[in-house]
Amino acid sequence: NWFRKDKNGRFMWPGFGENSRVLDWIFRRVNGEDCAVQSAIGNLPRKGSLNLEGLQEDVDMDALFSIPKEYWQKEVKDIGKYFDEQVHEDLPPEIMKELRSLEARVNSM
């Protein structure tokens with residue numbers, strides 16, 4: 001979701017300089033804080049769990065963490081194409097299994 005663009009073609013997340021906020025959320029989640037919600041694509045930040053204090057631009061968190069089915073179906077297809085064209089037989093079977101699992105979850109949304 002960090003590289004998604006809005007309807008005007010602008011990135012929805014401010015950029016790499018703000019990714020420490022995401023890392024903070026990840027560390028808190030891994031350390032047991034209840035700050036995530038499960039989704040078809042994995043864990044997403046629970047509302048209010050990302051520290052946005054001092055952020056220079058407004059972020060539409062609802063749009064950023066929306067899960068448009070068509071977007072994710074294309075994402076899964078693009079990842080599969082990349083694996084096939086760039087990694088091919090060097091891809092561990094567990095990774096392809098995870099991609100197929102993601103594909104099934106997305107298709108069932």
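A: **The segment before the opening helix and its surroundings**

F16 is found in the segment that precedes α1 (19–30); helices (H or I, at least four residues) and strands (E, at least two) are DSSP runs, numbered from the N terminus. The model is a predicted one, in which local features need pLDDT of at least 70, side-chain atom pairs count only at pLDDT 80 or more, and totals for chains, interfaces and linings use all residues. Residues are numbered from 1 along each chain as its sequence is written, and side-chain values use heavy atoms, with hydrogens and water left out.

F16 counts as exposed because its relative accessibility is 65%; exposed means over 50% relative accessible area, buried under 20%, and partly exposed in between (1.4 Å probe, protein chains only). Together, F3, F11 and F16 make a nonpolar surface patch of about 400 Å². Such patches consist of residues with over 30% relative accessible area and no salt bridge, with nonpolar side chains (Val, Leu, Ile, Met, Phe, Trp, Tyr) joined within 5 Å and like charges within 9 Å. A salt bridge is a side-chain nitrogen of Lys or Arg within 4 Å of a carboxyl oxygen of Asp or Glu. Areas follow the Shrake-Rupley method with a 1.4 Å probe, and for residues only the protein chains shown count as cover.

As for the whole chain, its accessible surface comes to about 7900 Å², of which carbon and sulfur atoms hold 51%. Of the 109 residues in the chain, 28% are buried. The chain has four helices and two strands, in the order α-β-β-α-α-α from the N terminus.
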